[in-house]
Every structure is written in C-alpha cells, then in structure tokens.
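Subject: Structure for you, with notes on its charged pairs

Hello,

Here is the structure for your files. Please open it alongside this message; my notes follow below.

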Amino acid sequence: MLLLHPLPAPALRVRAKPAAQRPPPRRRPPRPRATASASAFGVGTSEEDAFTRSSGYLFEEGLSAEGELPTAYDINGIAAVYRRRPLLVLRRSLQIGASFGRWFALRYLDSVNERADDMFEIRAAQLRRILLELGPAFVKIAQAVSSRPDVIPPAYLDELSLLQDRIAPFSTNVAFDIIEKELAMPLDMVFSEISPEPVAAASLGQVYQARLRSNGKLVAVKVQRPGVQAAISLDIFILRFLAGVARKARKLNTDLQAVLDEWASSLFRVNHI
C-alpha cells in the first residue's frame with residue numbers, strides 16, 4: 001500500500017499487490033534525482049533489517065497469501081487461509097518457540113547461577129532483538145506493553161521503548177518497485193526527485209520524501225512492508241491458538257483470545273493493513 005501526503009501531513013499509501021493483481025512488468029527507467037540522504041533523518045541503512053534476515057521466508061509466502069486474506073480482521077477468514085498451509089504454520093511456530101525458548105532458558109540459567117540481577121539489562125536487550133527478528137506483530141505488542149511502567153521493569157521499558165523509533169528499513173529497491181507497480185508508471189514520471197533511502201521507518205512500512213513532477217509539491221510517500229498483512233495474520237493465528245491453550249492449562253478467568261481479537265481488530269483498522 002502507498003500513501004502520498006503533502007508535507008508535513010501524509011496522503012498516499014502503497015502496499016505490494018498479490019501476484020494476480022499486479023500489472024505486467026515494465027522495463028526499469030532511470031530513477032528520479034535523489035534528494036538528501038536518509039542518514040540525515042536518523043534512519044540506518046547499512047544492514048539488512050532483522051525481520052528480513054530472520055523471517056524473510058514470510059515475504060514470499062505472504063505475498064501469495066495476501067490475495068486470499070480478508071481486508072478487515074476476520075479470524076475465521078484468516079484461519080481458513082492458514083489451515084491450507086500447515087507447513088508454513090509449523091515452521092513459523094517452531095521459529096517463535098525456539099526464539100523465546102532459548103531466551104527463557106538463559107533467564108533460568110541466570111537464576112540458577114545467581115546472576116539474574118547482573119544479566120538483567122543484557123537479557124532485556126536480547127528480548128528486544130528477538131522481537132525485531134520475529135517482526136511486526138511482536139513489535140506492535142511490545143510497543144503496547146512498553147506504555148505500562150506499572151507492570152514492566154525499567155530495564156525492559158528502556159529496551160522496548162527503542163522499538164518505537166529504531167526500526168531498520170527494508171530494501172529501497174523493493175520499496176521503489178512497489179511504488180511503480182502501485183502507480184503503474186515509472187517513478188520519474190510521477191516525481192522529479194525522491195529520497196534515496198527512507199526518512200522514517202516503522203514495523204509496518206517506511207516513508208520517503210519526494211517532489212511531485214506535476215506541481216512541484218513536496219510529499220511524503222508511505223510504503224507498506226511487502227507481505228506484512230500475511231505475516232501479521234499468521235502470527236495472530238498462531239498466538240490465538242497458544243492463548244487458548246494457555247487459558248485452559250492455567251485455568252485463567254481472562255479470555256485471552258478475546259483480548260487478542262480486540263487488539264488485532266484495532267491494529268488492522270488503525271493501520272489499514
């Protein structure tokens with residue numbers, strides 16, 4: 001999805017279309033003139049983002065699934081899609097379990113070795129990295145939790161607060177391809193200049209600064225991370241199952257699945273996933 005906004009306010013959103021809806025490929029034209037470097041805006045671009053590195057397989061699977069997923073949050077529609085992809089669900093479940101399993105094992109060893117206090121900040125930083133590697137759904141949950149200083153220790157709050165504004169962007173080449181496919185025309189026909197790297201990045205997408213060729217107005221171009229809808233939907237499907245198991249195993253009064261449904265519905269609605 002792509003959003004174009006006259007600066008300082010936003011106005012056009014772009015996201016990758018499912019394969020069946022994409023226009024036929026066209027020969028790549030020269031890019032429009034690049035503007036100021038993204039490093040001036042505090043966005044790091046030297047390394048591949050953690051989600052792509054650790055969970056990149058969700059992109060390809062996600063793009064093929066997004067055409068089948070409901071546009072609004074509908075757990076029955078999501079479940080129908082992923083019940084037909086058991087191997088993907090299993091692979092993602094194992095990744096999530098292994099990531100958190102290793103972390104909890106280290107916390108347990110710290111406690112056994114009486115090093116829990118010494119390792120507290122290190123484990124908090126490791127947890128933040130795990131959340132980044134697992135991707136948007138987990139980052140969004142952590143962002144929500146980071147606003148609760150009454151239940152989260154200070155060291156963890158400090159680390160989780162970094163998830164609010166320190167998200168590495170995905171590939172600019174991929175982002176520019178999405179923009180061209182969404183607009184069905186080359187970049188240099190729409191913009192006279194565009195920032196070579198994003199000026200801001202978040203878990204769901206990133207923003208470029210560009211100037212419209214038609215009237216010279218400066219605009220913000222928001223590009224949604226490819227496959228993000230499918231990745232978040234898959235994680236919600238898995239987490240919802242685990243919430244049901246946890247409630248039965250621990251005999252909890254709280255309906256964890258209903259809480260997750262409410263959060264997911266808000267996430268889909270507010271972020272136009």
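Asp110 is buried, and Arg123 is buried too (buried means under 20% relative accessible area, exposed over 50%, partly exposed in between, with a 1.4 Å probe and protein chains only). These two residues form a salt bridge, with 2.6 Å between the closest N and O atoms (a salt bridge is a side-chain nitrogen of Lys or Arg within 4 Å of a carboxyl oxygen of Asp or Glu). Asp110 sits in helix α4 and Arg123 in helix α5, residues 120–134, so the pair ties together parts that are 13 residues apart in sequence. Helices (H or I, at least four residues) and strands (E, at least two) are DSSP runs, numbered from the N terminus.

Before you read on: this is a predicted model, in which local features need pLDDT of at least 70, side-chain atom pairs count only at pLDDT 80 or more, and totals for chains, interfaces and linings use all residues. Residues are numbered from 1 along each chain as its sequence is written, and side-chain values use heavy atoms, with hydrogens and water left out.

How many salt bridges does the structure hold? There are eight. Side chains of opposite charge can pair when their charged atoms come close.

Another of these pairs is Arg85 with Glu68, at 2.9 Å from N to O. This pair links distant parts of the chain, 17 residues apart. Arg85 is in the loop between α3 (75–82) and α4 (86–112). Glu68 is in the loop between α2 (57–65) and α3. Arg85 counts as buried because its relative accessibility is 16%. Glu68 has 38%, so it counts as partly exposed.

Next, the strands. Glu193 makes a salt bridge with Arg211; their closest N and O atoms are 3.5 Å apart. Here too, distant parts of the chain are linked: Glu193 is in strand β4 (residues 191–194) and Arg211 in strand β6 (residues 205–212), 18 residues apart. Glu193 is buried, because its relative accessible area is 10%. Arg211 has 30%, so it is partly exposed.

There is also a network: Glu68, Arg84 and Arg85 are joined into one by salt bridges that share partners.

One last residue. Where does Ser203 lie? Ser203 is in the loop between β5 (200–201) and β6. Its relative accessibility is 5%, so Ser203 counts as buried. Leaving out residues up to four places away in sequence, Ser203 touches Pro136, Val139, Lys140, Ile167, Arg225 and Val228 (contact means heavy atoms within 4.5 Å).

Best wishes
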